[in-house]
Amino acid sequence: MAVQEKDFLPVGSVVTLYNDSKRKVIIGFLVSPTNSKNNVYDYLGVNFPEGSLISNDETFFNHEDIKHINYLGLIDEEEKKF
């Protein structure tokens, strides 16, 4: 699967998904679940505000799954270079 260049939301952003009533805070991007190396998702998130309470509390999702951006994470020079 070829990765295309796109703008990703920065780590720390809080979003509402179409299929989930619980907001998610983004903790990573371009990730795949450990049991499925063939699927690559745009984002990895955990519940907001509590974070990850148990080991399988993570949600994998793509940009088109985002209904609303509640908070945009930090964008500084280091993040821009990354």
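Reply: The turns below take up aromatic pairs and then salt bridges. Please keep in mind that this is a predicted model.

Me: How many aromatic pairs are there?

Reply: Two rings form a pair if their centres lie within 6.5 Å. By this rule, there are four aromatic pairs in the structure. One of them joins Phe-8 and Phe-29, whose ring centres are 5.2 Å apart, with 20° between the planes.

Me: Why does the pair of Phe-8 and Phe-29 count as stacked?

Reply: Planes under 30 degrees apart count as stacked. The angle between the planes of Phe-8 and Phe-29 is 20°, so this pair is stacked.

Me: Where in the chain do Phe-8 and Phe-29 lie?

Reply: Phe-8 belongs to the segment before strand E1 (14-17), whereas Phe-29 belongs to strand E2 (residues 20-31). The two are 21 residues apart, and their pair links distant parts of the chain.

Me: Are Phe-8 and Phe-29 buried, partly exposed or exposed?

Reply: Buried means under 20% relative accessible area and exposed means over 50%, with partly exposed in between. Phe-8 has 22% and Phe-29 has 25%, so both residues count as partly exposed.

Me: How many salt bridges does a search of the whole structure find?

Reply: A salt bridge requires a side-chain nitrogen of Lys or Arg within 4 Å of a carboxyl oxygen of Asp or Glu. The search finds three salt bridges. Among them is the bridge between Lys-24 and Asp-20, with an N to O distance of 3.1 Å. Lys-24 is buried, at 3% relative accessible area, whereas Asp-20 is partly exposed, at 25%.

Me: Which residue forms a salt bridge with Glu-50?

Reply: The partner of Glu-50 is Lys-22, and their closest N and O atoms are 3.3 Å apart. This pair links distant parts of the chain, for Glu-50 lies in the loop between strand E3 (41-47) and strand E4 (59-61), and Lys-22 lies in strand E2, 28 residues apart. Glu-50 is partly exposed at 36%, and Lys-22 is partly exposed at 31%.

Me: What can be said of the salt bridge between Lys-80 and Glu-77?

Reply: The N to O distance between Lys-80 and Glu-77 is 3.7 Å. Both residues lie in helix H1 (residues 77-81), three residues apart, which is about one turn of the helix. Lys-80 is exposed at 55% relative accessibility, and Glu-77 is exposed at 52%.

Methods
Residues are numbered from 1 along each chain as its sequence is written. This is a predicted model: local features need pLDDT of at least 70, side-chain atom pairs count only at pLDDT 80 or more; totals for chains, interfaces and linings use all residues. Side-chain values use heavy atoms; hydrogens and water are left out. Rings of Phe, Tyr and Trp (its six-membered ring) pair if their centres lie within 6.5 Å; planes under 30 degrees apart count as stacked, over 60 as edge-to-face and the rest as tilted. Helices (H or I, at least four residues) and strands (E, at least two) are DSSP runs, numbered from the N terminus. Buried means under 20% relative accessible area, exposed over 50%, partly exposed in between (1.4 Å probe, protein chains only).
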